[in-house]
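Q: I'm new to this one. Can you walk me through it, starting with the terms?

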Amino acid sequence: MEEQLMSVIGLRGATVFDSTGRDPHRADLRLHDDVIDKGTGPADEVLDLDGHTVLPGFIDAHAHVGLLSLYGQAFWSAAEQAGYVFRNLRESLDQGFTTLRDLGGIDGGVLKAIKAGLINGPRVHPSGQILSQIGGHGDMRPKFSDEPDNPGLGGGLVRNHALCTGPDQVRAAVRNQFRRGATQIKMFVTGGVLSEGDPLESPQFTVEEIRAAQDEAQSHGSYVTVHAHTDTGLLRALEAGVRSFEHASMIDEETASALQRSGSTVVPTLAVDEILASDPAAWGVPDHLLDDLDHLHTEQRRSLTMLHDLGVSLGSGADLIGTEQRTRARQIYLMAKEIGLANAIESATRVNAELLRISDRVGTIEPGKLADLVIYEGDAAEDPEIIGTRPPKYVIQSGRIIRRL
Ligand SMILES: [Zn+2]
């Protein structure tokens, strides 16, 4: 990794995917301090990018840089957890991700450490703890113990779930996340594959409870996004006013149409399946859940295509977990296989920026936007598979070249 400050950088001759809806085209760009500038002119450094592809810095709308182990993270030392979290952040940047929305685990302390320059990392939008009902997807306690599975570290950093019951406890949990620096709230409203005892199709939390979270988040000028694989829970959240959805993996056409009519955004998550499937034993995934995981993966792709065909706004999230989060861009590669590369790139840039409410600054390549860029060797218009199968050659964050291969 190399760090340097340049006041003006010229990018010459690359194929540009600008995420504005325009087709990929050859263009020169000029970066003036931290923003993308109009026109051409002298530069302190010129990168000759003939045969290269320039894209807006990637945004992962569904990250878990602090979720290091599915079972037993509570037994790890604070120092190890911090080390892995910081490495996950640095490596996200190396993969071209200049912004992450973390959907459960880390709190606002991490954000402060990045802003203070103590850690090299993307712009982070933390959620703090994920709200879960008792016995729900986030209740990972041993069945016959009432002790929290991950009590969290005294000074913050990683705390995965907040168990709550009833609108009052939900409100308190939401307020606590914002108190610790969350920028949005994450809630489980259906079952999941890797939690036992709560079927995937079970709705979790009542409409009243979800509405309490949504109302409280709105009071804070923010929003709730919900983990929802299946119909009933998803529709409850929609009724409660939620407009941001994760996974939507196994839904029917009626639910997909309801999402479209409400103007909601769905973040499909495909990349996590690959890492779990590659070595389930290492993840502690029991054998009897392997078929469920496989079925989910097939259903995810079916739902994604249906949502795309109906014109539902699609974000993009890798949902990576663990200590080696090095395949974040696989999400773009896998989505491109279903909906085409240009759409997959727009999902991971412009749409995610809109979802995170930062599209006035990032998400597209346009004059005046922050100079967050990722540059690959090779022309992605000719060879779409370069995205997600090789590391980027340069990563630029706010006009600083922070990676150069
Ligand atoms: Zn997740």
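Q: Which residues line the second largest cavity?
A: P56, G57, T98, R361, V362, G363, T364, L370 and D372 line that cavity. About 40 Å³ of space lies inside. Here a volume is the space filled by probe spheres set on the points, with grid points joined across faces, edges and corners.

Q: What kind of model is this, and how are residues numbered?
A: This is a predicted model: local features need pLDDT of at least 70, side-chain atom pairs count only at pLDDT 80 or more, and totals for chains, interfaces and linings use all residues. Residues are numbered from 1 along each chain as its sequence is written, and side-chain values use heavy atoms, leaving out hydrogens and water.

Q: How many cavities of 30 Å³ or more are there?
A: Three, from a search of the whole structure.

Q: What's around the largest one?
A: Its lining is G105, D107, G128, Q129, G156, R159, Q177 and R180. By class, that makes no nonpolar, five polar and three charged residues. Ala, Val, Leu, Ile, Met, Phe, Trp, Tyr, Cys and Pro count as nonpolar, Asp, Glu, Lys and Arg as charged, and the others, Gly among them, as polar.

Q: New topic. Which domains does the chain have?
A: Domain 1 is 8-56 + 363-404, and domain 2 is 58-355. Those bounds come from an automatic or database domain assignment. Their C-alpha centres lie 29 Å apart.

Q: How much area do they bury between them?
A: About 1800 Å², 60% of it on carbon and sulfur atoms. Buried area is the accessible area (1.4 Å probe) that two parts lose on being put together, summed over both. S19, I387 and Q397 supply 25% of the area that domain 1 buries against domain 2, more than any other three residues.

Q: And H297, where is that?
A: In helix α9, residues 290-309. Helices (H or I, at least four residues) are DSSP runs, numbered from the N terminus.

Q: Buried or exposed?
A: H297 is buried, because its relative accessible area is 18%. Buried means under 20%, exposed over 50%, partly exposed in between (1.4 Å probe, protein chains only).

Q: What does H297 touch?
A: L270 and D273, leaving aside neighbours within four places in sequence. Contact means heavy atoms within 4.5 Å.

Technical notes: On a 1 Å grid over the protein atoms alone, a cavity is a set of points where a 1.4 Å probe fits but cannot get out, and a pocket is an open set with protein on both sides within 12 Å along at least five of seven lines; lining residues have an atom within 4 Å of a point. Helices (H or I, at least four residues) and strands (E, at least two) are DSSP runs, numbered from the N terminus.
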